[in-house]
Amino acid sequence: MPPMAATTPTLRSPDRPSHSSSQLHDELLRLTRGLGGLRLAIADGFERFVAKGGVEWLGLPNADAYARERLGRSGRWLGDARTLGRRLARLPHLREAYLSGRLSTSKVELLARHLVRDDASIDEHQAIALATSMTVRQLRAELADRPNEAGDHATRRVRLTRHVDRVDA
């Protein structure tokens, strides 16, 4: 029996010359640039689907079930995509930077969360310029260190954990 041909496209195939790491990196970036648009299109389409009663029409109990059963995604993924879509509807320049692939999903989610606040310490154009020159970790620290319009610094989230022995419970 002859071997089966591979059906999944790969970055490196026998008919293509070997790529350098830089070329492979550039090709991976090119392939992923369209994912932001796809994510927003799914979120926007789902918003319209919900407005028309589509989830109930299919007999599903909620959006999470629809995401799992029909989209093959988690309910959390769909919820995050919907939230990002709603926020980016108010931030057209950030939306364009995301759709063009200039900014990653992580950076866009962070900026959108910050920019939709009433006391945001930076405008949309400044935020995009800042994000293009920083890593996500640097951007998160920069936004946390900026005072808001009232002059207060953003409060950082802190997690408190308490361990309780069985006797104390």
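Is Glu47 buried, partly exposed or exposed, and what is its relative accessible area? In this predicted model, Glu47 is partly exposed, with a relative accessible area of 25%. The salt bridges in the structure number six. Glu47 takes part in a network of them that also includes Arg82 and Arg86.

**Bridges between helices H2 and H5**
- Glu47 pairs with Arg82 in a salt bridge, with an N to O distance of 2.8 Å. Because Glu47 belongs to helix H2 (residues 35–51) and Arg82 to helix H5, this pair ties together parts that are 35 residues apart in sequence.
- A salt bridge also links Arg86 to Glu47, at 3.1 Å from N to O. Here Arg86 is in helix H5 and Glu47 in helix H2, so the parts tied together are 39 residues apart in sequence.
- Arg82 is buried, because its relative accessible area of 17% falls under the 20% cut-off. Arg86, in contrast, is partly exposed at 46%.

- The side chains of Arg76 and Asp80 form a salt bridge of 3.3 Å, N to O.
- Both residues lie in helix H5, four residues apart, which is about one turn of the helix.
- Arg76 counts as exposed, with 63% relative accessibility, while Asp80 counts as partly exposed, with 30%.

**Gly79**
- Helix H5 (residues 75–89) also contains Gly79, which is partly exposed at 27% relative accessibility.
- The C-alpha atom of Gly79 is 8.3 Å from that of Ala63, a residue 16 positions away along the chain.

Methods
Residues numbered from 1 in each chain as written. Predicted model: local features only at pLDDT ≥ 70, side-chain atom pairs only at ≥ 80, totals over all residues. Heavy atoms only, no water. Helix = DSSP H or I, 4+ residues; strand = E, 2+ residues; numbered from the N terminus. Buried < 20%, exposed > 50% of the residue type's maximum accessible area, 1.4 Å probe, protein only. Salt bridge = Lys/Arg side-chain N within 4 Å of Asp/Glu carboxyl O.
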